[in-house]
Amino acid sequence: MINWTDEKRKQIINLKNQNLTWAAISEQMSAVHDERYTIEQCRSQYRNNKDRLLHDTPQQPEPQYKSTFERKSDGTEVSDTLIKISQDRLKDNDYILKAHGYDPDEWEISSHQFSMWNHFNKEMDNPKVLYASKVKVIPKKDKFSLDKLLESVKQVPEVNIQPVHTREQSYLNIPLADMHFGIATYEDYKKTQMMILDLIQKGHEEILFIIGNDLLHHNDHRNRTASGREIQQVDIIEAWNNAKMFYYPLLEYALMHSNKVTVLYTKGNHSESMEWTFVQMLKERFTQIHFDDEFKERKVHMLGLNFAGSSHGDKKKLKNLTENFATEFPYEWSIASTRTVFSGHLHHELVLDKGGVIHRQLPSGVNPDTWHSEMGYTTSHRRFQVFEYDYESERCIYYV
C-alpha cells in the first residue's frame, strides 16, 4: 500500500505538466520511490488533487529562446522567434505573419522553417505548442486590402440637399473622361474641381455627370485592366479615396444649384467594374440624384432638346461610332435639335462634324503613365471639357 503524501501528488502534477505520458509518469515515480506506482493510481491522484494543489505547484518555466531579426538590403526581412501555435495553423500564412509582427496586407512569406520546441499550453480543447519559427518575408507588390476597400465603400452617409435658386433653361454637361485615379491624385485635379464648382454655382435646370470612362487606373486588385492586361502598379485604395474627394463636393454642390442632377455611368476599358462599383457607392449616398448605371456600351441622355450620347470609344472606330447612336436611339435622335456623341480613351481632343451629329473625342487631364511616357505619348494638351446648353442649343465649352 502506497503512503500518499502531497509531495508525491505534486511530483505527479509536475510530471504531467511536462506532457509526459501516464506510462512514463508511473515508471518515473516507481523508480524514484522504489515502490510500484500503476498508471491508474497516478492518473487518479492527479485528477483528485490537481485543483487543490495547483496553486502550490511550481509552474513549468517557459523555455528561453534567443529571437533574431535581420533586414536585408533588397528589402526582405528574416525573423526567427518562438511562437505559440496549434498544429492546424502552421500552414496559415496570415497567422504566421501576425505572430511575427507583420501585416499580411503589407508582407508575404518567401520561406518558412519551423520545428517543435516545447509544449506550453495544456488546454485540452485546443492545445498549443511552442515552435521555433523562422520566416523570410518580402514586401507585397500589390498591397490591396479588400477589407480596407470595403470599409471605404461603406462610408457613404446619405445626403439630402434642398436646391437654391437656379437659372432656368440652362444645362451643364460634365463628361470628364480618362481621369485614371491612381496615376493621378486629388491634388492633380483640385484646380479642375474648383473651376467646375464655380460653373455649377451659377445655377442650372439640370446638371449631367458622365462618370466612368477609366475613372480608375485598375479594374481589379492585381494591377490589371478589364481585359486582364497587367499594367503599372498603383494604390487602388488611395485612388478610390481620391475619386471620392473629387466627386463628393461636386455632386453636393450640384444638388444645391440645379433642379435635377443625373449621373450617367459609362464603362471604360481600364476599370469598368471598379468604376461601376464606385457609382453604386455614389448611388447609396446621393439618393436625390438620378443614376443610369446600366452596364451598356452606349448611352444617351437628353438635356432639353440636346442629344448627349456617351461611349468610351475603345470598341469601334471613331468615324463609325455615331451610326450606332442613330440606330439604337431613334426617338431621341428624331426629337433632338443638337446631337453630340462624347467618347474618350485616346486622351486627346478631336472633333468630327458629320451626318448631322458632332462627335467629340474628349481630352484628358491625366499625366502620362510609365508606358505612355516611354512610348512618347506626351504631346497632348492635358485638360478636361465642360459643356453648357440652353434648351435647344450648345452655348459654351469650358476648359477646366
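**Close-up views of a predicted model**

**View 1. Helix H9 lies across a sheet.** Helix H9 (residues 321–328) lies across E9, strand E10 (306–310), strand E11 (338–343) and E13, and runs at about 125 degrees to E11. Contact here means heavy atoms within 4.5 Å. Helices (H or I, at least four residues) and strands (E, at least two) are DSSP runs, numbered from the N terminus. Angles run from 0 to 180 degrees between N-to-C directions, and axes are lines fitted to C-alpha atoms, for helices over the stretch in contact. This is a predicted model, in which local features need pLDDT of at least 70 and side-chain atom pairs count only at pLDDT 80 or more, while totals for chains, interfaces and linings use all residues. Residues are numbered from 1 along each chain as its sequence is written, and side-chain values use heavy atoms, with hydrogens and water left out.

**View 2. Here is an open sheet of five strands.** Its order is E9-E10-E11-E13-E12, with mixed pairing; two strands pair if DSSP finds at least two bridges between them. Strand E9 (299–303) and strand E12 (350–354) are the edge strands, each pairing on one side only. From one strand to the next, the twist averages 20 degrees. E12 and strand E13 (residues 357–361) run antiparallel and are joined by five bridges. Look for Lys354, whose bridge partner in E13 is Val357.

**View 3. An open sheet of six strands comes next.** The strand order is E8-E7-E6-E5-E14-E15, and the pairing is mixed. At the edges are strand E8 (290–292) and strand E15 (394–399), each of which pairs on one side only. Neighbouring strands of this sheet are turned against each other by 15 degrees on average, direction ignored. Helix H8 (residues 272–285) packs on the sheet and touches strand E6 (204–212), strand E7 (258–266) and E8; the direction of H8 makes about 155 degrees with that of E7. Strand E14 (residues 385–389) runs antiparallel to E15, with five bridges joining them. Glu388 stands opposite Cys396 in E15.

**View 4. Helices H6 and H7 pack together.** Helix H6 (residues 186–200) and helix H7 (residues 236–256) have axes 10 Å apart and an angle of about 5 degrees. That makes H6 roughly parallel to H7 (angles under 35 degrees count as roughly parallel, over 145 as roughly antiparallel, 65 to 115 as roughly perpendicular and the rest as oblique). Among the residues that meet are Tyr186, Tyr189 and Ile196 in H6, and Phe246, Leu250 and Tyr253 in H7. By class, this contact of H6 with H7 has 11 nonpolar, three polar and no charged residues. Ala, Val, Leu, Ile, Met, Phe, Trp, Tyr, Cys and Pro count as nonpolar, Asp, Glu, Lys and Arg as charged, and the others, Gly among them, as polar.

**View 5. Helices H1 and H3 cross.** The axes of helix H1 (residues 6–17) and helix H3 (residues 39–53) come within 9 Å and cross at roughly 95 degrees. H1 and H3 are therefore roughly perpendicular to each other. The residues that meet include Arg9, Ile13 and Lys16 in H1, with Tyr46, Asn49 and Leu53 in H3. The contact of H1 with H3 has five nonpolar, three polar and six charged residues.
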